[in-house]
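This note is for a colleague who has not looked at the structure before. Please read the points below with the model open.

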Amino acid sequence: MNSRDRLRIAIQKSGRLTEPALGLLKRCGLTFRQSRDKLFCFGEGEPVDLLLVRDDDIPGLIAQSVCDLGIVGRNVLAEFSLARAAEGAHLREWRALGFGRCRLSIAVPQTLDYCGSWQLAGQRIATSYPTLLRQWLDEQGIAVEVVTLAGSVEIAPRLGTADSICDLVQSGATLAANQLQEVDVLLESEAVLAGAETPPTDERGDMLELLLKRLDGVIQLRESCLLWLQTPKDALDAIIRKLPDGAQPTLFPLAGQPDQLMLQALCSGEVSWRRMEEIKRAGASGMFVVPVEKMLA
Ligand code: PRT
Ligand code: ZN
């Protein structure tokens with residue numbers, strides 16, 4: 001057992017996940033003093049440090065207990081977990097973080113009139129995710145030659161080194177630029193907080209618990225807002241019916257106006273102009289929507 005008393009989180013050193021991961025940790029109240037080589041950042045307030053590495057190294061660092069946690073794409077975590085399952089490297093997705101969204105998909109030439117995965121039989125498919133692809137092909141019962149490439153997968157069909165590809169897709173622009181079409185989705189991905197299957201039993205476990213609570217607050221309020229309005233008592237039912245689904249209203253009396261109430265509702269998601277206009281038509285006045293800064297359930 002590792003005897004560190006500070007929690008260590010691995011994040012991507014430089015890439016798509018770096019800024020959003022740092023931003024998220026900051027909103028959880030974690031601040032870091034950056035070391036000169038920028039590989040290790042010492043946590044200033046809480047006993048939590050950062051290791052800045054290539055995203056592909058993150059699951060391995062957790063499996064070796066060099067780090068306790070990591071912020072990494074589900075695609076990278078899933079490929080690692082599947083490839084290393086036999087060795088007992090069990091990692092856990094503690095939380096989905098809502099950024100870095102993409103999907104791991106099969107893409108075939110646009111010229112192919114695609115009707116189903118059986119058409120891939122006998123093809124060469126290029127990918128950086130050979131284990132996830134193999135699993136999917138086995139589920140489909142198709143025999144295919146998997147060509148493993150470290151990068152630039154999307155140009156393999158044009159170079160003649162593969163017929164189709166299995167790669168990450170976000171907007172689809174890269175596929176279109178390479179005359180490919182997305183035909184099957186193997187995995188919906190986003191950045192996740194990954195860690196060992198069982199949390200550390202020492203102080204780091206307590207810190208993990210605290211971090212998860214703060215993360216839940218941050219994730220929940222990222223999509224939350226507070227709606228305030230004034231309503232005549234006799235319009236209250238109609239107004240409550242117009243509130244967004246799941247809104248939790250609280251009522252306050254208004255001094256000197258016995259037939260009026262003040263309503264406050266925590267809403268998950270945006271409150272649209274259209275919705276506000278409907279609520280106003282139901283009788284509300286003095287309506288405003290404010291963002292939520294911090295939340296602790
Ligand atoms: O240096 P290091 O190894 O750390 O970085 P990297 O180059 O391997 O990773 P990076 O920064 O490109 O991606 C990190 C993670 O971001 C991935 O593991 C995914 O979880 C997530 N992510 C989200 C993406 C994309 N969206 C994405 N669009 N990762 C890669 N892409 C690439 C994709 O491979 C393809 O080439 O972007 C292209 C497709 O994008 P669209 O918008 O044209 O469809
Ligand atoms: Zn990488």
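1. A backbone N or O atom of Q170 lies 2.8 Å from an oxygen atom of ligand 1. The pair is a polar contact, a term used for N or O atoms within 3.5 Å of each other; within protein, one must be able to donate a hydrogen and the other to accept it, and residues adjacent in sequence count only if both atoms are side-chain atoms.

2. The model is predicted: local features need pLDDT of at least 70, side-chain atom pairs count only at pLDDT 80 or more, and totals for chains, interfaces and linings use all residues. Residues are numbered from 1 along each chain as its sequence is written, chains are lettered from A and ligands numbered from 1 in the order in which they are written, and side-chain values use heavy atoms, with hydrogens and water left out.

3. A polar side-chain atom of T174 is 2.5 Å from an oxygen atom of the ligand, and an N or O atom in the side chain of N75 is 2.6 Å from an oxygen atom of ligand 1. Taken alone, ligand 1 exposes 840 Å², of which the protein buries 78% (areas by the Shrake-Rupley method with a 1.4 Å probe).

4. How many residues surround ligand 1? There are 22, and N75, Q170, S171, G172 and T174 are the closest (a residue counts if one of its heavy atoms lies within 4 Å). By class, this shell holds 6 nonpolar, 9 polar and 7 charged residues. Strand 10 gives the largest share, 3 residues (strands are DSSP runs of E, at least two residues; helices are runs of H or I, at least four).

5. Ligand 1 sits in the largest pocket, meaning that more than half of its atoms lie within 2 Å of the pocket's grid points. A pocket is an open set of points on a 1 Å grid over the protein atoms alone, where a 1.4 Å probe fits, with protein on both sides within 12 Å along at least five of seven lines; lining residues have an atom within 4 Å of a point.

6. The largest pocket holds about 1,200 Å³ of space. Its lining has 37 residues, and those closest to the centre are R16, D55, N75, Y129 and L168. Helix 3 gives the most to this lining, with 4 residues.

7. Two backbone angles deserve a look. S152, in the loop between strand 9 (145–148) and helix 5 (156–159), has a positive phi near 50°. Q179 has a positive phi of about 55° although it is not a glycine.

Terms used
Ala, Val, Leu, Ile, Met, Phe, Trp, Tyr, Cys and Pro count as nonpolar, Asp, Glu, Lys and Arg as charged, and the others, Gly among them, as polar. Grid points are joined across faces, edges and corners, and a volume is the space filled by probe spheres set on the points.
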